Amino acid sequence: MDWKNCYGAIWRAKKEYLKPVKNIDGITFDDLVGIERQKKEIIRNTERFLDDLPSNNVLLWGARGTGKSSLIKAVLNEYGTRGLRIIEIDRDDLDDLIEIADLIRNLPYKFIVFCDDLSFEEGEKGYKGLKRILEGSIEAPPENVKIYATSNRRHLITEYQRDNEGTVIGNNGELHYSDSVEEKISLSDRFGLWLSFYHGTQAEYLKVVDSYFKEYEGDREILHAEALRFAQVRASKSARTAKQFYNSYFQK
């Protein structure tokens, strides 16, 4: 793997190798509108990582289509020239994280291991590998590796009402969770930085639309009306919906 000339790779579990990514999505921080707080936090954490300062693994969680994955791609495009590299891994292959860490532990680059749409159903054991690489092994986590993951769930593992049956309240009012709940919370707790994402207001949605139509010279009121009609059909005013509207409506 030629990390000097390639900023990203995808782990192919069946062949057990890192596939170089030649055409990386070119999205930048300037392209992302309406998530200024999240941008600020992930920039600060990533720069601390690159500067050899204490930094955290990051969980970006929340509503679909709100820019979670795009923000991680923008991180690579911003800091690739400073030695940052990204490895994308599928949720089903997380048990391979230890092997991947062994491959890159001693390389002169900083790596973000990116897992998109991270969540686990009842009975799935793939999260065990993730827990080990985050903290839970006798071998210290690689100093040049951080996990950046996206999820629609804050606690990553499916939660059921029955999980709370063993929860009790102590004499001082403190909660003592059941073993099942503790197991599920413990995984997300290993991410030191949580960034939450929510669907924005109508005004914020139209601001994202305008960011895609910077050169538009037609009637903005008509454009906004079409954008809102497009969003209504999809029952979503997310950044993803704004991009899909642009793909459908833009004309040269």
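Guide: In this predicted model, strand S9 is largely enclosed by the rest of the structure, because four of its five residues are buried. The threshold applied here is a relative accessible area under 20%.

The pairing of S9 comes next. Strands S3 and S9 run parallel and are joined by five bridges. Within this pairing, Leu-59 has Trp-194 of S9 as its bridge partner. Strand S3, residues 58-62, also pairs in the parallel sense with strand S6, residues 145-151, over four bridges. Here Leu-60 stands opposite Thr-150 in S6.

These pairings belong to an open sheet of seven strands with mixed pairing, in the order S2-S1-S4-S5-S6-S3-S9. Strand S2 (17-20) and strand S9 (193-197) each have a single partner strand and stand at the edges, so one side of each lacks a neighbour in the sheet. On average, and with direction ignored, neighbouring strands of this sheet are turned by 25° against each other. S9 is thus an edge strand of the sheet and yet is largely enclosed by the rest of the structure.

Two helices that pack on the sheet touch S9. Helix H1 (residues 36-50) touches S3, strand S4 (84-88), strand S5 (110-115), S6 and S9, and its direction makes about 155° with that of S9. Helix H2 (residues 68-79) likewise packs on the sheet, where its contacts are with S3, S4, S5, S6 and S9; the direction of H2 makes about 145° with that of S4.

The loop between S3 and H2 contains Gly-67. Gly-67 counts as buried, since its relative accessibility is 14%. Leaving aside neighbours within four places in sequence, Gly-67 is in contact with Ile-35 and Phe-197. Gly-67 also lies 7.3 Å from Arg-240, C-alpha to C-alpha, although the two are 173 residues apart in sequence.

Ser-69 is found in helix H2. With a relative accessible area of 18%, Ser-69 is buried. Not counting residues up to four places away in sequence, Ser-69 touches Phe-114, Asp-116 and Thr-150. Thr-150 is the residue of S6 that stands opposite Leu-60.

The largest pocket has a volume of about 910 Å³. Its lining comprises 39 residues, and those nearest its centre are Asp-25, Ile-27, Ser-69, Ser-70 and Lys-73. Two or more lining residues come from each of strand S1 (8-12), H2, S4, S6, helix H6 (202-212) and helix H8 (239-249). H2 gives the largest share of this lining, namely six residues. By class, the lining of the largest pocket divides into 15 nonpolar, 12 polar and 12 charged residues.

The second largest pocket brings the account back to S9. The volume of the second largest pocket is about 250 Å³. It is lined by 19 residues, of which Gly-34, Ile-35, Tyr-198, His-199 and Gly-200 are the closest to its centre. At least two residues of this lining are supplied by each of H1, S9 and H6. Seven nonpolar, eight polar and four charged residues make up the lining of the second largest pocket. Ile-35, one of the residues closest to the centre of this pocket, is also a contact of Gly-67.

Gly-200 in turn points to a further residue, Lys-237. Lys-237 has its place in the loop between helix H7 (220-234) and H8. Its relative accessibility is 33%, so Lys-237 counts as partly exposed. The contacts of Lys-237 are Gly-200, Gln-202, Tyr-205, Leu-228 and Ala-231, not counting residues up to four places away in sequence.

The protein chain has eight helices and nine strands. Of its 252 residues, 43% are buried. Among the contacts with a separation of 6 or more, 74% are between residues 24 or more positions apart.

Technical notes. Residues numbered from 1 in each chain as written. Predicted model: local features only at pLDDT ≥ 70, side-chain atom pairs only at ≥ 80, totals over all residues. Heavy atoms only, no water. Pairing = 2+ DSSP bridges. Axes fitted to C-alpha atoms, helices over the stretch in contact; angles between N-to-C directions. Contact = heavy atoms within 4.5 Å. Buried < 20%, exposed > 50% of the residue type's maximum accessible area, 1.4 Å probe, protein only. 1 Å grid on protein atoms, 1.4 Å probe; cavity = no way out; pocket = protein on both sides within 12 Å on 5 of 7 lines; lining within 4 Å. Points joined across faces, edges and corners; volume = space filled by probe spheres on them. Nonpolar A, V, L, I, M, F, W, Y, C, P; charged D, E, K, R; others polar.
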